[in-house]
Structures are given as structure tokens and as C-alpha cells.
Amino acid sequence: MNGRTVLGRFPAGGPRGSWPAEELAQAARLEGQQAEVVMDIATDMFLVIVRGADTAATASA
């Protein structure tokens with residue numbers, strides 16, 4: 001695998017003034033995760049990811 005866990009996927013063409021990917025990343029950071037938002041150009045989606053996360057630990061949450 002590539003050493004990241006995707007916490008959420010959001011379409012890039014969301015409503016004006018809406019930042020759901022940033023909101024999810026902020027909530028995850030408040031819980032102690034090193035979440036960040038990246039753009040997946042191939043799918044035109046914003047991904048909220050945690051790099052180097054153990055996928056087994058986050059999948060059970």
C-alpha cells in the first residue's frame with residue numbers, strides 16, 4: 001500500500017462556501033490525527049488522508 005488512510009472523499013465541485021473536506025480534516029486533527037486534504041486529480045475529488053496510518057486501526061473505528 002502507499003502508507004495512507006483515506007478518511008473521506010468529497011467532490012471538487014461542491015456548493016460555494018462549503019468546505020466539507022477541510023471540516024472533516026479539522027475534526028480529525030482535534031482528535032489527534034495528522035489529517036490533511038489533498039486533491040485527487042484523476043477523480044476530481046478532495047481526499048482527507050492520514051499519512052502512514054495503520055489501516056487496520058482506523059478501519060475498526
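Which glycine takes a positive phi just after H1? Glycine 32 does so, with a phi of about 95 degrees. The model is a predicted one, in which local features need pLDDT of at least 70 and side-chain atom pairs count only at pLDDT 80 or more, while totals for chains, interfaces and linings use all residues. Residues are numbered from 1 along each chain as its sequence is written, and side-chain values use heavy atoms, with hydrogens and water left out.

The protein chain contains two helices and three strands. These elements are DSSP runs numbered from the N terminus, where a helix is H or I with at least four residues and a strand is E with at least two. Read from the N terminus, their order is β-α-β-β-α.

The three strands build an open sheet in the order S1-S3-S2, and their pairing is antiparallel. Two strands count as paired if DSSP finds at least two bridges between them. Strand S1 (4–11) and strand S2 (35–40) each have a single partner strand and stand at the edges, so one side of each is left without a neighbour in the sheet. On average, neighbouring strands of this sheet are turned by 30 degrees against each other, direction ignored. Such angles are taken between N-to-C directions and run from 0 to 180 degrees, with axes being lines fitted to C-alpha atoms, for helices over the stretch in contact.

Seven bridges join S1 to strand S3 (residues 45–51) in the antiparallel sense. Within this part of the structure, proline 11 stands opposite methionine 45 in S3.

Helix H1 (residues 20–30) packs on the sheet and touches S1, S2 and S3; contact here means heavy atoms within 4.5 Å. The direction of H1 makes about 155 degrees with that of S2.

Which residues of H1 are buried? They are Ala21, Ala25 and Ala28, where buried means under 20% relative accessible area, exposed over 50%, and partly exposed in between (1.4 Å probe, protein chains only). Seen down the axis of H1, these buried residues fall within an arc of 60 degrees, so they line one face of the helix; the arc is that of the directions from the helix axis to the C-beta atoms. The buried residues of H1 pack against S1, S2 and S3. On the face of H1 turned away from its buried side lie the exposed residues Glu23 and Leu30.

For the protein chain as a whole, 21% of the 61 residues count as buried.
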